[in-house]
Amino acid sequence: MLSVEPIEQGGRVRAERVHLQFSNGARRVFERSAPRGFGAVIVVPMRDADTALLVREYACGLHRYELGLVKGRIDEGETVIEAANRELKEEAGFGARKLEVLRPLTMAPTYMAHQTWLVLAEDLYQEKLQGDEPEPLDVVPWRLDQLDQLMLRDDCSEGRSLAGLFIAREYLARRPNKE
C-alpha cells in the first residue's frame with residue numbers, strides 16, 4: 001500500500017482512494033468504503049440447543065420488515081463480547097452467560113473494509129436494555145434444522161444473518177465438548 005487518501009466525508013459512509021503496488025510491480029488505484037467507528041457484531045442467540053432467536057425489524061434500505069439476527073455497532077471502549085451482549089439485551093430482551101466469537105464476516109471485501117464479528121450466545125436469561133430502535137422488535141424462535149425454509153422466505157434476505165445461522169449450526173454440530 002503506497003498511500004490512502006480520503007475522497008468523501010460525511011454521514012455514515014467514508015470513502016478512500018487506495019494507491020497500491022503489487023508484487024509484480026503493477027500499480028493500481030482502488031476506491032473503497034472505509035469503516036467508521038469500532039466495527040459491528042451479529043449475534044446468534046440460542047434459546048436451546050436447537051433453536052436460535054431472530055428479530056423482526058424495519059429495514060429502511062428495503063422499506064420493509066426483515067427477519068434476521070441481532071446486530072449492531074461496537075461502541076467506543078467495548079469489546080466484541082460486551083457489544084454482542086448489549087445488543088442482545090437491547091434488541092431481543094435477553095442477556096447471555098456464555099458468549100463466543102466465531103469469526104469475522106465481510107459484506108463486500110473488494111471495496112469495503114467493514115467487518116462484522118459473528119458471536120454465538122448461549123445460556124440466555126431475560127434482561128432488557130433500552131436501545132435505539134424506534135419500536136419493540138418481535139423475537140421469533142427458529143429451529144436450526146429448518147434453515148432451508150428460512151433461506152427461502154422473502155422477509156429474510158440479509159446475507160450476514162443467513163451466513164451466521166449456517167455457520168453457528170455447523171459449529172454447534174461439530175463442537176467437541178457438546179453440553
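**Questions about a predicted model**

Student: How many disulfides does the count come to?
Tutor: A disulfide is a pair of cysteine sulfur atoms within 2.5 Å. By this rule, the number of disulfides comes to 0.

Student: What kind of model is this?
Tutor: Residues are numbered from 1 along each chain as its sequence is written, and side-chain values use heavy atoms, with hydrogens and water left out. Local features need pLDDT of at least 70, side-chain atom pairs count only at pLDDT 80 or more, and totals for chains, interfaces and linings use all residues; this is a predicted model.

Student: How far is the sulfur of Cys60 from the closest cysteine sulfur?
Tutor: The closest cysteine sulfur belongs to Cys156. That is too far for a bond, because the distance is 19 Å.

Student: Is Cys156 buried or exposed?
Tutor: Let's take the cut-offs: buried means under 20% relative accessible area, exposed over 50%, and partly exposed in between (1.4 Å probe, protein chains only). Cys60 has 63% relative accessibility, so Cys60 counts as exposed. Cys156 has a relative accessible area of 3%, so the word for Cys156 is buried.

Student: Where is Arg160 found?
Tutor: Helices (H or I, at least four residues) and strands (E, at least two) are DSSP runs, numbered from the N terminus. Arg160 has 17% relative accessibility, so Arg160 counts as buried. Residues 159-174 make up the helix that holds Arg160, and that helix is α3.

Student: Which residue's side chain is joined to that of Arg160 by a polar contact of 2.5 Å?
Tutor: A polar contact is a pair of N or O atoms within 3.5 Å; within protein, one must be able to donate a hydrogen and the other to accept it, and residues adjacent in sequence count only if both atoms are side-chain atoms. At 2.5 Å, the side chain of Arg160 is joined in this way to that of Glu158.

Student: How long is the polar contact between the side chains of His114 and Thr116?
Tutor: His114 has 19% relative accessibility, so His114 counts as buried. Not counting residues up to four places away in sequence, His114 touches Pro35, Gly39 and Arg160, among others. The side chains of His114 and Thr116 are joined by a polar contact of 3.1 Å.

Student: Which residue just after α1 takes a positive phi?
Tutor: Just after α1, a positive phi of about 80° is taken by Gly93.

Student: Which strand pairs with β4 in the parallel sense?
Tutor: Two strands pair if DSSP finds at least two bridges between them. β4 and β7 run antiparallel with 4 bridges, and β4 and β5 pair in the antiparallel sense over 2 bridges. Over 6 bridges, the strand that pairs with β4 in the parallel sense is β9.

Student: Which residue in β9 is the bridge partner of Pro45?
Tutor: In β7, Val41 stands opposite Gly72. In β5, Met46 has Ala52 as its bridge partner. For Pro45, the bridge partner in β9 is Ala121.

Student: How many aromatic pairs does a search of the whole structure find?
Tutor: Rings of Phe, Tyr and Trp (its six-membered ring) pair if their centres lie within 6.5 Å; planes under 30 degrees apart count as stacked, over 60 as edge-to-face and the rest as tilted. Across the whole structure, the number of aromatic pairs found is 2.

Student: What is the arrangement of the rings of Phe22 and Phe30?
Tutor: The ring centres of Phe22 and Phe30 are 6.4 Å apart. Their planes lie at 75°, so the pair is edge-to-face.

Student: What is the angle between the ring planes of Tyr58 and Tyr65?
Tutor: The ring centres of Tyr58 and Tyr65 are 5.7 Å apart. This aromatic pair is edge-to-face, with the planes at 65°.

Note on methods: Contact = heavy atoms within 4.5 Å.
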